[in-house]
Amino acid sequence: MYSTTYHRVSSVDEAVKLLGDCDEAALLSGGQTLLPTMKARLAAPSDLIDLGRIDALKGISVDGRSVKIGAGTTHAEIHASKEIAAVCPGLHEMTGVLGDPAVRHMGTLGGSLANNDPAADYPAAILALDATIHTSKREIEAGQFLVGLFETALEDDEIITAVSFEAPERSGYEKFRNPASRYAMCGVFVAKSAETVRVGVTGAGGDGAFRWEAAEEALAQRFEASALEGLSLDPSEMLGDLHGSPEYRANLVRVMAKRALAKA
Amino acid sequence: MGIEGIGARVARKEDKRFITGKGRYVDDMVVPGMKFAAFVRSPHAHAKINGIDTSAAEGMPGVIGILNGKQISEDGIGDLICGWMIHSKDGSPMNMGRWRPLAEDRVRYVGDAVAVVVADSKARARDAADAVVVDYEELPAVTGAVDALKDGAPQIHPEAENNLIFDWELGNGEETDEALKNAAHITEMKIVNNRLIPNAMETRAALGVYNAAEDHYTCWTTSQNPHVARLVMSAFYNVAPENKLRIIAPDVGGGFGSKIYIYPEEIVCLWASKRTGVPVKWVADRTEAFLADAHGRDHVTTVKLATDADHKVTGLKVDTVANLGAYMSLFSSATPTYLYASLLSGQYAFPAVHANVRTAYTNTAPVDAYRGAGRPEATYVVERIMETAARELGLSPAEFRRKNFVREFPHQTPVIMNYDTGDFDASLDAALKEADYEGFPARKAEAEKRGMKRGIGMSCYIEACGIAPSKAVGSLGAGVGLWESAEVRVNAVGTIEVLTGSHSHGQGHETTFAQLVSGRIGVPIDSISIVHGDTDKVQMGMGTYGSRSGAVGMSAIAKALDKVEAKAKKIAAHQLEADENDIVIEDGTLKVAGTDRSLAWNEVTLAAYTGHNLPDGMEPGLKEGAFYDPQNFTFPAGCYICEVEVDPETGRTEIIQFVAADDFGTIINPTIVEGQVHGGIAQGIGQAMLEGCLYDAESGQLVTASYQDYCMPRADDLPSFKVSTTETPCTSNPLGIKGCGEAGAIGSPPAFMNALTDAVGHNDLTMPATPQSVWAAINGTTPDAFA
């Protein structure tokens, strides 16, 4: 690890100000991606701004079917929330299988979203849940927030503060892990509201998480696994690597969608 | 035997310090004035070095010295050696290229060490190493052994034309060809044994300390055989003569073979300590471990099995190309030859076996012995083709094997080995019963109803441990003898220290070796200490690998105990006025048999040291040493049965059950043996299902250089193993021990692959059988990255 200067802040405003003042600062939340990257000398931020002590970023509120989760809330806290489990079983399920226990207890919603790893779980969820990303500056729709591989709509001095969504009637998540890294090689989040069905896919898309619109249309007609028979994805739009070719991933999306549906 | 003697399930003495984080590893060692080394390593697979510019790095904070290959040559440090001479079938000696501790004019794999920076902190050493500018002229690279042997391939060493190191053979070729000619059926397969990266929990490390006042060197290092390290560093690398070089291998966190060898880094740390005048410590980070530890396996084989009309095997013909990497590591030549081809007869009475092995240099990390060392490769060939032949012939795989089992012992195979004892029916029967083999069709039908594909497969392995009679290995080209030594030091109060040339790096010697002594003398294991891993404390020894510490190391202790007991009996007989032949040692007492006259063990040991009342002419003291040279290899054998279920939609394979029935001869501690079997099977399943080492064929970059891509087995990849043992004691050593350290890793890959290919319905699968490749095998679509 290269040397860096550590700052602990107590408010979002203070963090935003420091971001402007520092040379090449990085925001530290749960540190489950950033710290290993720094240890491997693949990242060398001049300053680390620790958001971990900002109370305003923590907590879950559920009002009827309206859900708002602070960006600093850990995956384990979301998973443990009885209210989340009641209104959005898919998110409850997803936060229980995200990473490993250390990641779930240290890593945060905001930290994961800001990194937008193409193999992370949340991108599938926020797309399917039609979530709104609240930042220190504005509100951004999930579809606009996710720009590409490790890329988001966040500006340099912008910090995620919360995520909100209306809980769907039914939701489910299923993923297939990369055998080595255990990241999602394909994760599918299915959410059914009164009028629409949304299907968010992570780990498989060449440009990051995406909505599988053909599946959404088919499931809006008939919300059952058989509606997905005969549907396929174009492998040329899929990611390919050592562990999963584009063709394999295209297959996994359909299989995981069926299994997510079975849970929803 | 006592409650802590041989056969007792004693909890491991060493676990308290390991489990509570109080182990003392090389990285825990701190000496005054200690500084830190960081290596500059080649980013290219093959390149000429046109120059090294250290000007920017030299001025960086904390830098004490930057040393390179030219300087290490100037100081007369020798080439790294391969300690086993193999001759090609035309009689010529192997074509060995030079391996310098720091590359001087050419780098030959990604990770090849070029220079070393010594600085006052690890981070500063790394920073300065990153600032060293090496002028590389890139050359074409080749990573696969088959490609390396082709005409026109990039040439890696001038000494090895076409990268061929040797072209060697073993067995009765003419008889084998005759068997193939007259066969009723021939089964033929191409078999790839995938390359693996060892990944011991503790990475390699060295701390070199040169004491100028005494002209003496000390090296703490992660070694499985510190005396061999001292011998090689003295005799070949000219680091220092043996009396001025102390090697200490303290607690070592796993080796699996990768810590047998003497690598450039420990030589450089010692040499750099003299050059810079400060103690120099280096601890590999995980990336360095991936790049520069000796890798394992990497064979490409074609094999033919001939059977007659009665389904008896009449011949086995094997042609193997083995990848030895960029340099010949210490025992790299022995692994794909005498440790491999000599096991190709398996558990079977094959009348004819012939193996041809060609080895090649490639632009990859050196390849050497890794848990099993040649025997997993042999077992994989034999057990995959036995299962395949049975399927082709429409026979039960169990009965086809049974038909060909060796049943008379000793049995001379066509490939050197002489099996002393075994009962292969017993382990097969035990495994079939435990696995409910008969009930498999019903289980398969039930799985089919759920849309799942079930398969069952077995492996009847035999391997060779307890390496080995020194005269025999000497005649086969080994540069060393493979005996072991022990010294039993009895203290005046009756407590005992056992000094052993074996080295424990996870095996539990501090417990099992003490159990042997406790069983013999009758003192508790808490009164017995096992001393190992320090060349200043322990007499010459050969170390731990090849499951030899029980069969060879403990046999040496037994021999030393014989001498201790004989002297103690003489003292007791003298004091009890009895004949020494009437003295028996039981439960910590020396008794005159058939009487109530006795002396406590500590009364006799005290007498030995007071010297007040000893037989005339007897020297005081009670301390004896012994060297034990084995009479033969030992032959652990067993039967493994694996049952899998494949999800055809994703290619994910779940291991439903894994049964192991092993014959290890005499067992010292069943709990430790079970642990060895569990770990071995996990490693074998890792090879078969998860672990694939991949170099990019064009650039020679190691693609699987971290745990993001190199898949180690985790607990949830594995079932709860069903392990049991049958016991036919080894006849060639005094304890009847065969060895258990590698069997799991040897026997399990073919059992898994036989089960998986049974489930999938065809043989077109290679290790590691990842979900993607299994899915592709079922659907016939995607090429597999690892294939």
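Modeller: Happy to! Let me start with a term: a residue counts as buried if 20 or more other C-beta atoms lie within 10 Å of its own, with C-beta atoms placed from the backbone. By that count, buried residues make up 50% of the 264 residues in chain A. Please keep in mind that this is a predicted model.

Let us take the overall form of chain A next. Its C-alpha trace spans about 55 × 45 × 30 Å along the principal axes. The radius of gyration of chain A is 18 Å, which agrees with the value near 18 Å that a compact globule of 264 residues would have. Among contacts in chain A with a separation of 6 or more, 62% are between residues 24 or more positions apart. The secondary structure of chain A comes to 11 helices and 14 strands.

The domain assignment divides chain A into domain 1 (5-50), domain 2 (58-166) and domain 3 (170-263). The centres of domain 1 of chain A and domain 2 of chain A, taken over C-alpha atoms, are separated by 20 Å. Where these two touch, domain 1 of chain A brings 11 residues to the contact and domain 2 of chain A brings 14 residues. On the domain 1 side, helix H1 (residues 12-21) of chain A gives the most, with five residues. By class, that side of domain 1 of chain A has five nonpolar, six polar and no charged residues.

An unreviewed UniProt entry carries the annotation "domain: FAD-binding PCMH-type" for residues 1-170 of chain A. In the model, that span of chain A is 36% helix and 24% strand, and its end C-alpha atoms lie 45 Å apart.

The buried residues are Pro771(B), Gln772(B), Ser773(B), Val774(B), Trp775(B), Ala776(B), Ala777(B) and Ile778(B). After H20(B) comes Gly780(B), with a positive phi near 65°.

To look around Ala37(B), set aside its neighbours within four places in sequence: the residues in contact with Ala37(B) then include Val116(B), Val117(B), Val118(B), Cys269(B) and Trp282(B). An unreviewed UniProt entry also annotates residues 20-140 of chain B as "domain: Aldehyde oxidase/xanthine dehydrogenase a/b hammerhead". That span of chain B is 17% helix and 29% strand, with its end C-alpha atoms 50 Å apart.

While you are in chain B, some backbone details deserve a look. Most residues other than glycine have a negative phi, and most peptide bonds are trans. The peptide bond from Phe409(B) to Pro410(B) is cis, with omega near -5°, and Pro410(B) sits in the loop between helix H11 (397-404) and strand E16 (411-412) of chain B. Another cis peptide bond joins Ile467(B) and Ala468(B), with omega about -15°. Ala468(B) belongs to the loop between strand E18 (453-462) and helix H14 (470-475) of chain B.

As for phi, Asn163(B) has a positive value near 65° and is found in the loop between helix H5 (145-148) and strand E7 (164-171) of chain B. Asn163(B) counts as buried because it has 25 C-beta neighbours inside 10 Å. Asp215(B) also has a positive phi, about 50°, and its place is in the loop between strand E9 (205-211) and strand E10 (216-221) of chain B. With 11 C-beta neighbours inside 10 Å, Asp215(B) counts as exposed.

Key. Residues are numbered from 1 along each chain as its sequence is written. Chains are lettered from A and ligands numbered from 1 in the order in which they are written. This is a predicted model: local features need pLDDT of at least 70, side-chain atom pairs count only at pLDDT 80 or more; totals for chains, interfaces and linings use all residues. Domain bounds come from an automatic or database domain assignment. Two residues are in contact if their C-beta atoms, placed from the backbone, lie within 7 Å. Helices (H or I, at least four residues) and strands (E, at least two) are DSSP runs, numbered from the N terminus. Ala, Val, Leu, Ile, Met, Phe, Trp, Tyr, Cys and Pro count as nonpolar, Asp, Glu, Lys and Arg as charged, and the others, Gly among them, as polar. The radius of gyration is taken over C-alpha atoms; the globule rule is 2.2 Å times the number of residues to the power 0.38. A residue is buried if 20 or more other C-beta atoms lie within 10 Å of its own, exposed if 12 or fewer, and partly exposed in between; C-beta atoms are placed from the backbone. UniProt positions are given in the numbering used here, feature names are shortened, and annotations may be inferred rather than shown by experiment.
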